[in-house]
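Here are my notes on this chain, as numbered points. Please keep the structure open while reading.

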Amino acid sequence: INVNCLISYSYDLSHSLQYNLTVLRMPLETLKTETTQTRQESFDIFEDEGLSTQGGSGVFGIGSKPYEKYVWNAKLLEAVRAAVHRDWLLYIIHGFCGQSKLLIYGRPIYVTLIARRSSKFAGTRFLKRGANCEGDVANEVETEQILYDASVMSFSAGSYSSYVQVRGSVPLYWSQDISTMMPKPPITLDQADPYAHVAALHFDQMLQRFGSPIIILNLVKEREKRKHERILSEELVAAVTYLNQFLPPEHAIIYIPWDMAKYTKSKLCNVLDRLNVIAESVVKKTGFFVNRPDSYCSILRPDEKWNELGGCVVSTGRLQTGVLRTNCVDCLDRTNTAQFMVGKCALAYQLYSLGLIDKPNLQFDTDAVRLFEELYEDHGDTLSLQYGGSQLVHRVKTYRKIAPWTQHSKDIMQTLSRYYSNAFSDADRQDSINLFLGVFKPAEGKPHLWELPTDFYLHHKNTLGLSQTRQSYTYWWTTGVLKHLPLPFDEVTCAENRRKLTVKKFHKYEEEIDIHNEFFRPYELSSFDETFCLAMTNSTRDFMPKNVGIDPSPFTVRKPDETGKSVLGNKNNREETVLQRKTAASAPPPPQDEGAVSQRSTPVKVTDAGDNTKITENVVQSTKDVYGVNLSDIPSEDDLAIYARFVQLGQSQHKQDKGSQQFCSKHTLEKVINLIPISSFSQDNIYEVQPPRADRKSIEIFHAHIQAGRGNMQPLGRDDFLMYREYIRNRYM
């Protein structure tokens with residue numbers, strides 16, 4: 001738990017981007033009237049400080065209640081929630097966050113991947129399977145990919161797009177007994193559930209958060225010599241069939257079974273081609289979120305795939321309605337590859353909606369897809385370590401059948417690492433998770449955490465007492481959910497959802513809401529090598545071939561030998577380059593000799609001659625290879641003259657400064673130096689600019705000029721006649 005924890009001071013990480021931006025569009029006057037009634041209950045003496053004297057400079061910020069399913073310190077905050085102000089509460093999200101920069105001819109596009117692990121029924125691989133009595137499933141992760149045009153830094157004026165998908169264990173009462181020390185323990189169904197009570201609770205949660213349709217992509221094996229994974233498929237099909245009887249046909253749960261392992265073993269079938277067909281149909285049904293209307297070029301040149309896109313089209317853009325839920329047995333290797341293919345398809349539509357590509361289609365072996373694939377592999381490795389105890393065993397290259405031969409030995413080591421972790425360390429990890437999440441609360445007179453034979457009753461509350469209310473077998477959804485479908489109930493403007501929001505007044509230049517200061521930190525001493533926006537993975541620096549010159553587009557298909565070293569997963573070169581740049585920046589300058597080379601060059605790692613006698617020819621590349629154009633070797637005479645004049649001005653300025661320093665003394669320094677502001681404005685800083693005051697005569701001249709433009713000429717005075725007469729005499733006589 002001590003790693004991969006995400007926090008944010010200004011953004012709600014527990015909700016999706018679509019939810020957060022939808023909240024901003026809610027009518028503010030309604031929220032203000034509802035929050036003013038409860039103002040005295042949460043009064044803060046610092047909240048309105050400095051706002052009354054600023055006139056209309058106050059702005060209102062809307063804060064939403066976090067989605068506690070993905071908050072991991074919710075139990076820890078209960079003790080202080082009522083005692084401190086809400087700004088002191090910091091919510092922790094556990095999962096993964098990765099960001100890369102996609103450069104499209106110099107235009108920066110940030111690709112962000114956020115994974116939120118559920119804190120309900122959380123645990124390790126074999127100790128947490130299936131679902132609990134409240135419909136929470138094991139290894140449930142909500143993955144959101146966000147596209148952001150970084151050329152505009154604003155939530156209101158910027159261009160954003162996102163797509164959400166979910167993974168999670170099969171929502172049934174099932175488990176695996178690991179006491180037998182088998183690589184694949186047998187799957188057992190713990191309880192009979194003929195009315196799909198657990199599945200109904202689980203899909204009810206999804207309808208509230210994502211809307212309809214709910215699409216299930218089941219990747220478990222269908223044909224086996226000994227019945228193993230097929231047990232889950234048969235029960236899941238029966239549960240979905242039962243629940244769909246009572247849903248309207250247009251909002252029914254869509255079930256897609258596909259034996260991915262069988263297709264992988266076949267030499268005649270291409271796994272990723274089949275997944276691409278499934279991904280296209282899924283994205284067309286759910287759509288995606290974008291906060292701007294369709295561009296005019298898509299109206300002039302409509303695409304067939306774009307016109308078939310689902311979701312909800314509103315005046316401000318598009319909304320994703322529904323979600324894809326992917327599962328296999330472990331929800332690790334096969335699930336991550338399937339999610340990557342769906343995300344790749346959605347990425348093409350997102351780029352098309354922002355006007356960055358002419359068709360919603362992306363090919364493999366392009367810089368954009370390689371960047372996205374590396375993000376998803378890091379995403380899969382992180383989630384696999386958290387739940388399974390090792391990194392991914394089968395990756396996208398494995399299913400493309402282009403993985404190097406060394407990958408097989410790595411897969412064996414990862415399998416052994418996963419088996420060791422599940423057998424010896426998962427129990428301690430499960431205990432720590434139960435303690436941190438507040439599932440187990442120590443008390444005097446009760447057994448200790450490590451003395452419990454099982455934690456089954458901790459996660460299944462119905463074992464401690466019977467519930468007074470029983471859910472209907474037919475109307476298994478929450479009241480009001482069907483009324484607003486396909487839109488998710490959590491994003492609908494209603495009284496219940498408005499109670500989850502709070503409104504706070506800020507000064508418009510306050511640091512808490514100043515995006516410029518929060519991002520650039522102008523008052524802190526920073527290094528470019530440590531700035532995340534420059535150090536993050538870059539499609540041009542890390543994926544584009546060095547001799548590209550002719551076609552630098554990240555959507556051009558490259559050959560396998562044209563890839564950079566970072567594509568093969570070697571990140572040591574990037575770290576070594578950053579270290580060399582830091583060394584060059586921090587090292588003191590050596591003494592200048594007449595025959596010495598320039599000390600501003602980055603130090604180069606020197607290898608022994610015995611190791612490699614071949615001299616690399618591409619250490620210093622020509623400008624043609626790097627930029628695509630040849631720069632002139634000798635500047636023109638005009639450029640040299642301008643530069644010489646610039647140098648002379650600088651030298652004369654230095655002489656003047658030295659002369660003034662010798663002339664001044666400590667006592668007369670204040671009288672000699674008179675600082676004159678560069679700007680003629682009385683108040684000119686990064687926060688506010690006050691225009692200069694104009695005298696009365698200037699204002700009269702300006703008003704006369706405006707009236708003359710409207711055709712209202714003022715009568716000429718005596719001075720005007722004398723001036724005009726003098727002009728005529730000098731001009732024509």
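1. Strands S9 and S10 (residues 254–257) run parallel and are joined by 4 bridges. Strands here are DSSP E runs of at least two residues, helices are H or I runs of at least four, and both are numbered from the N terminus. Two strands count as paired if DSSP finds at least two bridges between them. Ile215 has Ile254 as its bridge partner in S10.

2. This is a predicted model: local features need pLDDT of at least 70, side-chain atom pairs count only at pLDDT 80 or more, and totals for chains, interfaces and linings use all residues. Residues are numbered from 1 along each chain as its sequence is written, and side-chain values use heavy atoms, leaving out hydrogens and water.

3. S9 also pairs with strand S14 (residues 323–327), in the parallel sense, over 5 bridges. Leu217 stands opposite Thr326 of S14.

4. How many residues of S9 are buried? The count is 5 of 5 for this strand, residues 214–218. Buried means under 20% relative accessible area (1.4 Å probe, protein chains only). Ile214, Ile216 and Asn218 point one way from S9, while Ile215 and Leu217 point the other way.

5. Now the whole chain. It has 25 helices and 18 strands. Buried residues make up 40% of its 733 residues.

Methods: Buried means under 20% relative accessible area, exposed over 50%, partly exposed in between (1.4 Å probe, protein chains only).
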